[in-house]
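Welcome, and open your viewer.

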Amino acid sequence: MNSERIRIVIVGAGIAGLATALALARHGLRCHVFEQARLLSEVGAGVQLSPNSTRLLHQLGLENRLRRVAVQPQAIEMRRWDDNSVLRRTPLGAACEQHFGAPYYTVHRADLYQGLLERLAAGTLHLGLRCTELRESRRGVQVQFADGSLTTADLVVGADGIHSRVRDVLVRDQPRYSGHSIYRALIPAERVPFLREEPKVVLWLGPGRHCVSYPVSGGNQINLAATVPDPCWRAESWSAQGKTEDLARAYADWTPEVRALTSAPDVVSRWALHDRDCLHRWSTNRITVIGDAAHPMLPFFAQGANQAVEDAIVLAECLRNVGPEGITAGLVRYENVRRPRTCEVHRRSRANTTALHLRDGAAQRDRDTALATHAALGDQEWLYGYDAEAAVTAATAGR
Ligand SMILES: Cc1cc2nc3c(=O)[nH]c(=O)nc-3n(C[C@H](O)[C@H](O)[C@H](O)COP(=O)(O)OP(=O)(O)OC[C@H]3O[C@@H](n4cnc5c(N)ncnc54)[C@H](O)[C@@H]3O)c2cc1C
């Protein structure tokens, strides 16, 4: 039996689930994606996509759409909170595309999501089905849904996010609160004209908090994300309403640019930031996890979605040309390729909880010196230069 006959079920139709379905289809592997939501929608916010994943998204057929709707920022700048001085400027734009063979994009999530959805084969996606239970045997996995219906599969991929039900099969852990919540907003670009001079990602770093802005929607909107330290806030939902006046107050003594930015939105959402520890094992014989279900990480390195796309390509490569008997070996290979890399990205994301929020003083000055000395694109080789398919080839050769 060849791999085309493997019955694959994906639980969750977020970026990870949809990218996996597309990556499998590239190798002639059909799957069914089960999503709990009755209606599909992505949150009203932006996402940064770096070359390690845009290269793959282009391969999955999204190049035309992304080039049309996304913005290619010219640089990532890190600036000081009180005087707006530049701590580090990493060039992006054409230099990035030339160096890494793929662009850096900032994009509205709905645009990315729509691009993934429209590439999906008809009949793949099933809405309004929440997975509640998985029963694995030597012959397959039975997947139970909240409405009482069942399906069976040779392989189940849990792409069901930070609250993953599928992950429960592997470990009993809980989301870990970071002590920070984040305000998010989309602002009409004309309200912050100083950000229209050059499309770029800007991070302002200050004591206890940081603030990020970048253009999306062809430059018509500015995505704002601004953290606040918060020992109490726990509502983990994109839709939690924040108060615009609380956001403005949290940045009231920052540089005028940040004050202008944080007082510009009409509405803000507020979300408590969680992650979970790295998993020691990602798979059973027939069940695995991907994206936030595998490695929910803090957004302080802007890599959660990028890593999910890498996961998708690697998993599909590992399942290429294997029959049902080869699934377990394929999952071992997938885990061996992905676990070390995602653990490292996860570690750096968590470390940024401290590094991005230092009080002015010796540690902050050391950080700023280090930032300035690692501004070149080449310093991002390990991250942006990662070739997901080559990683599988290397792992296979070393078997
Ligand atoms: C503030 C913020 C900023 C970020 N910025 C960036 C960035 O710039 N770049 C970047 O790469 N990443 C970023 N990230 C991270 C990124 O958003 C996530 O890593 C990514 O969206 C995870 O996608 P996913 O598909 O794994 O999970 P999710 O998006 O959570 O999707 C999971 C899906 O599974 C469904 N589901 C859940 N349970 C079940 C069930 N039992 N049965 C059926 N369906 C189910 C859900 O409804 C959902 O549709 C950011 C995150 C935050 C919070």
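In this tour Ala, Val, Leu, Ile, Met, Phe, Trp, Tyr, Cys and Pro count as nonpolar, Asp, Glu, Lys and Arg as charged, and the others, Gly among them, as polar. What you see is a predicted model, in which local features need pLDDT of at least 70, side-chain atom pairs count only at pLDDT 80 or more, and totals for chains, interfaces and linings use all residues. Residues are numbered from 1 along each chain as its sequence is written.

**Stop 1: the ligand**

A residue counts as near if its C-beta atom, placed from the backbone, lies within 6 Å. By class, this shell has 15 nonpolar, ten polar and six charged residues. Which residues come nearest to the ligand? Of the 31 residues around the ligand, they are Gly 12, Gly 14, Gly 161, Gly 291 and Gly 304.

Now colour the elements that give two or more residues to the shell: α1 (15–26), β3 (46–49), β12 (176–188) and α7. Helices (H or I, at least four residues) and strands (E, at least two) are DSSP runs, numbered from the N terminus. Helix α7 gives the most to the shell, with four residues.

**Stop 2: α7 and its two helix partners**

Where do they touch? Contact means C-beta atoms, placed from the backbone, within 7 Å. On the α7 side, look for residues including Gln 307, Asp 311 and Val 314, and on the α8 side for residues including Arg 333, Tyr 334 and Val 337. The residues of this contact divide into seven nonpolar, three polar and three charged.

The contact of α1 with α7 has twelve nonpolar, one polar and two charged residues.

**Stop 3: a five-stranded sheet**

Select the strands of the open sheet, in the order β7-β2-β1-β11-β18, with parallel pairing. Two strands pair if DSSP finds at least two bridges between them. At the edges stand β7 (125–126) and β18 (287–289), each with a single partner strand, so one side of each is left without a neighbour in the sheet.

Zoom in on β1 (residues 8–11) and β2 (residues 31–34), which run parallel and are joined by four bridges. There, Val 11 stands opposite Phe 34 in β2.

**Stop 4: two hairpins in a row**

Select β8 (residues 131–136) and β9 (residues 141–145), antiparallel strands joined by five bridges. They form a hairpin with four residues between them. Find Leu 134, opposite Val 143 in β9.

Which residue in β10 is the bridge partner of Val 143? Click Thr 151 to see that partner. To finish, select Gly 148 in the turn of the hairpin of β9 and β10, where phi is positive, about 95°.
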